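Biologist: Before I use a model of a complex, I would like to know how to read it. Could you take me through one?

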Amino acid sequence: MDFYFYPMRTLCLLVLILTASCKDSNSQNKPIVDKEPTEDYSDVPLEVYDFEGLKPLLKTSTDKVYVVNFWATWCAPCIKELPYFEALGAAYSDRNVELLLVSLDFPKKYESHLKPFIKKNNLKSKVVALDDNDSNTWIPAIDPDWTGAIPATLIFNKNKRQFYEQTFTYEELETEVKQFLN
Amino acid sequence: MKHIKGIFAVVAIVLLSGFATISPGYDIGDIATDFELENIDGNMVSLSDYKDAKGFIVIFTCNTCPYSVAYEDRIVALDKKYASKGYPVIAIMPNNTDVQPRDNMDAMKQRAKSKGFTFPYLKDEGQKISPQYGATKTPEVYVLQKTNKGNEVKYIGAIDDNYQDAGAVRLRYVENAVDALLAGQPIKEAKTRAIGCSIKL
């Protein structure tokens, strides 16, 4: 059967080459394969820290209020509340409030899941990844009451800090952040 | 009107105090409740069914949490190593399947089959058990020891210190705890913490 198609294929190929060579040079750069090119996410910035590296981001001596959300792309309740954090970051950017999204995605998912997620959702908040296996050390160091479930959120300024092992609505989040303003 | 407010206040206090006593769950030395939960084979399973057990490795785990998935093979290994020594694994799926449908009984059966679970994989119907234990995430382990008073909580926490790479584990928390119990030694680290997926209530 295949045999009969060979002349056909050759003809197609010839036509393709001919038409391609007749067109202007720009179109020759177009991929011939009828397949969507895999997107490249290597340009999505992502800082990866162990806990020692993350620590300085969890305290401040400035007048800013920091809202730090621990999340992961696989965590459904995290993804659900993420837009509220983004919205809060936008609404309070001129009030000295800064957002930090700390991803707990597995390192092998950074390229395949995390970076595409950041790009597709056009996240405006700063995203960093925490890659530190010794969770038995850093979970209680972030907050003694944290059982280790995510989502979890830390809000702090230079005077006080509050930890929340819970999900937020926008209103709930705004109420908490307002306590840190003034 | 004052009376109504007063009643509301009383009701609120009763409710809040009720929750307050439930939410912290067990600490080391507490007696863990038994249960009767449906297994993937359709039978009901209780800790009291295990007449010869010295204790239990109760693990709250599920199909959908990546951390649980990362630990599946290690949970199977725990049961293979310790069931014969008197500490079988009892896995409990604590999620509300209305919230997380991919943890339903059919999915549980499939996963147990494909991963070769050698232990019961029970569904916490109505999310009655995990709140009593104080489990908040998957995976989370409670090692219990049978005593005259009941099943005493001896260890709470993570399986080991490396969820990403079983080959790079330095501290096998659960194994160390059960080994200590078997040897009649004190448990060095009786409580540990690990990242997990919040239990969907």
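Biologist: Where is the pLDDT of chain B below 50?

Modeller: Where pLDDT is low, the predicted coordinates should not be read in detail. Chain B has a mean pLDDT of 91, with 89% of its residues at 70 or more. The stretch below 50 covers residues 13-22 of chain B, and beyond near neighbours in sequence it has 1 contact in the model. For the complex, the predictor gives an ipTM of 0.76 and a pTM of 0.79.

Biologist: In what order do the strands of the open sheet lie?

Modeller: Strands of a sheet pair through backbone hydrogen bonds, either parallel or antiparallel. Here 3 strands form the open sheet, in the order β5(A)-β10(B)-β7(B), with mixed pairing. The edges are β5 of chain A and β7 (137-138) of chain B; each has a single partner strand, so one side of each is left without a neighbour in the sheet.

Biologist: Which pairing is parallel, and which residues are bridge partners?

Modeller: β5(A) pairs in the parallel sense with β10 (residues 196-198) of chain B, over 2 bridges. In that pairing, Ala149(A) has Gly196(B) as its bridge partner. β7(B) and β10(B) run antiparallel and are also joined by 2 bridges. There, Lys137(B) stands opposite Ser198(B).

Biologist: How many residues does each chain bring to the contact?

Modeller: The size of an interface is often given as the accessible area lost when the parts come together. In this case we have residue counts: chain A and chain B bring 15 residues each. On the side of chain A, the elements giving two or more residues are α5 (135-142) and β5. α5(A) gives the most, with 4 residues. By type, that side of chain A divides into 9 nonpolar, 5 polar and 1 charged.

Biologist: Now helix α3 of chain A. Why does its span agree with its number of residues?

Modeller: At 1.5 Å a residue, the 16 residues of α3(A), residues 76-91, should span 22 Å, and the end C-alpha atoms are 24 Å apart, which agrees. The helix does have a kink of about 30 degrees at Leu82(A), shortly before the proline Pro83(A).

Biologist: Which residues of α3(A) are buried, and what do they pack against?

Modeller: Cys78(A), Glu81(A), Leu82(A), Phe85(A) and Leu88(A) are buried. The buried residues of α3(A) pack against β2 (65-71), β3 (97-103), β5 (149-150) and α6 (170-178) of chain A. Among these elements is β5(A), which also pairs with β10(B).

Methods:
Residues numbered from 1 in each chain as written. Chains lettered and ligands numbered in written order. Predicted model: local features only at pLDDT ≥ 70, side-chain atom pairs only at ≥ 80, totals over all residues. Expected span 1.5 Å × (residues − 1). Bend = angle between axes of the 7 residues up to and from the residue. Buried ≥ 20, exposed ≤ 12 C-beta atoms within 10 Å, placed from the backbone. Contact = placed C-beta atoms within 7 Å. Nonpolar A, V, L, I, M, F, W, Y, C, P; charged D, E, K, R; others polar. Pairing = 2+ DSSP bridges. pLDDT = per-residue confidence, 0-100.
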